[in-house]
Amino acid sequence: MLENNALGPPGSSRVSEQPQEIVNSPTELIVSVKNLVKRFGALQVLNGVSLEIKRGQLVAIVGRSGSGKSTLLRCMNALESIEGGELQVCGHDVGSPSRLARRELRSDVGIVFQSYNLFPHLTVERNITLALTAVKKHSRAEAGVIASRVLALVGLQDKAASYPEQLSGGQSQRVAIARSLALSPQLMLFDEVTSALDPELTGEVLKVMEDLSRQGMTMVLVTHEMAFARRLADVVIFMHQGRVWEMGPPEALFNHPQTAEFKQFISSGL
Ligand SMILES: Nc1ncnc2c1ncn2[C@@H]1O[C@H](COP(=O)(O)OP(=O)(O)O)[C@@H](O)[C@H]1O
Ligand SMILES: [Mg+2]
């Protein structure tokens, strides 16, 4: 099962079907991953991952802990180097560090993690405007206007002057999302952004992500929220042992799992 088989895992015909329809509209491709290989020392973490994401899609990546989901997201934002394959993200050649304009990539691709990483000594507004003034060279006034706009998008316009310790976990995560949106990304990556939240706070963050997707943002989510993935994702990807094991529209995928590994994953209720 684990030998390098370019056609993907046995029994999973959908993996090879996926890229075909996308070939018809190449201008809409936001992410193209071909045979991506990532190692940490002797450990091969991504074993030839291939996938494509079109503008406006919501893609949910699911799978057990350690299957390589976070590493794949981090590669898409050039937070990790890669050892093999090709990786194009928002027109940037991420697989070729010498040609990669990292700063441009990072403003085209937002990433939000489980931990919010807000500066505790800065207000919500300043947490958001910092990169706008320091990196994007906006004036404080311009940055303030952008901060108000993105805070409104996540329903927190009244928290601009608050400090992170005055926010709930759900509100903090929404500020982290707003901070990313302030840079006008074309693609948003979310790595288990609700996993550290109490269940009653999860919903407000999922709602923000649902709204964003409905407004047309291209999004990749690593998530344990199966109901959310099932209801809203255009494509669900099941990763297993560093490979795309199954991939397709959620209803087809969840109703007709092709592999024992995915069946087991679904029935384990993760
Ligand atoms: N910086 C790192 N150094 C060494 N090993 C790592 C590093 N990051 C992740 N790994 C290993 O890579 C594998 C995949 O990790 P990860 O992508 O975090 O999986 P997931 O997000 O699916 O839980 C795991 O075996 C993990 O221990
Ligand atoms: Mg992870």
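This is a predicted model: local features need pLDDT of at least 70, side-chain atom pairs count only at pLDDT 80 or more; totals for chains, interfaces and linings use all residues.
Residues are numbered from 1 along each chain as its sequence is written, and chains are lettered from A and ligands numbered from 1 in the order in which they are written.

The chain holds 10 helices and 10 strands. These are DSSP runs numbered from the N terminus, with at least four residues (H or I) for a helix and at least two (E) for a strand. Of the 270 residues in the chain, 42% are buried. A residue is called buried if 20 or more other C-beta atoms, placed from the backbone, lie within 10 Å of its own, exposed if 12 or fewer do, and partly exposed in between. Of the contacts between residues at least 6 apart in sequence, 63% join residues at least 24 apart.

Helix H7 itself covers residues 199–214, and at 1.5 Å a residue its 16 residues should span 22 Å, which agrees with the 23 Å between its end C-alpha atoms. The expected span is 1.5 Å times one less than the number of residues. Within H7, Thr202, Val205, Leu206, Val208 and Met209 are buried. Seen down the helix axis, the buried residues of H7 fall within an arc of 155 degrees, so they line one face. That arc is taken from the directions from the helix axis to the C-beta atoms. An α-helix has 3.6 residues a turn, so residues three or four places apart point the same way. Glu200 and Arg214, on the other side of H7, are exposed. After the helix comes Gly216, with a positive phi near 105 degrees.

Since 5 of its 5 residues are buried, E3 is largely enclosed by the rest of the structure. Leu58, Ala60 and Val62 lie on one side of E3 and Val59 and Ile61 on the other, and with all of them buried both faces are covered. In a regular strand the side chains alternate between the two faces of the sheet. Strand E3 pairs in the parallel sense with strand E8 (residues 218–222) over 4 bridges, where two strands are said to pair if DSSP finds at least two bridges between them. Leu58 stands opposite Met219 in E8. Strand E3 also pairs with strand E9 (residues 235–240), in the parallel sense and over 4 bridges, and here Ile61 stands opposite Ile237.

Val62, a residue of E3, counts as buried because it has 27 C-beta neighbours inside 10 Å. Apart from neighbours within four places in sequence, Val62 is in contact with Thr223, Ala229, Val236 and Phe238. The C-alpha atoms of Val62 and His240 are 8.9 Å apart in space, although these two residues are 178 residues apart in sequence.

Strand E6 (residues 109–112) is likewise covered on both faces, with Val109 and Ile111 buried on one side and Gly110 and Val112 buried on the other. Strand E6 runs parallel to strand E7 (residues 187–191), to which 4 bridges join it, and Gly110 stands opposite Met188 in E7.

An antiparallel, open sheet is made by 4 strands in the order E2-E1-E4-E5. Strands E2 and E5 (92–93) stand at its edges with a single partner strand each, so one side of each has no neighbour in the sheet. Strand E4 (residues 84–89) and E5 run antiparallel and are joined by 2 bridges, with Asp93 in E5 as the bridge partner of Gln88.

Helix H2 is largely enclosed by the rest of the structure, because 7 of its 8 residues are buried. These are Lys69, Ser70, Thr71, Leu72, Leu73, Cys75 and Met76. Ala78 follows H2 and has a positive phi, near 60 degrees.

Note on methods. Two residues are in contact if their C-beta atoms, placed from the backbone, lie within 7 Å.
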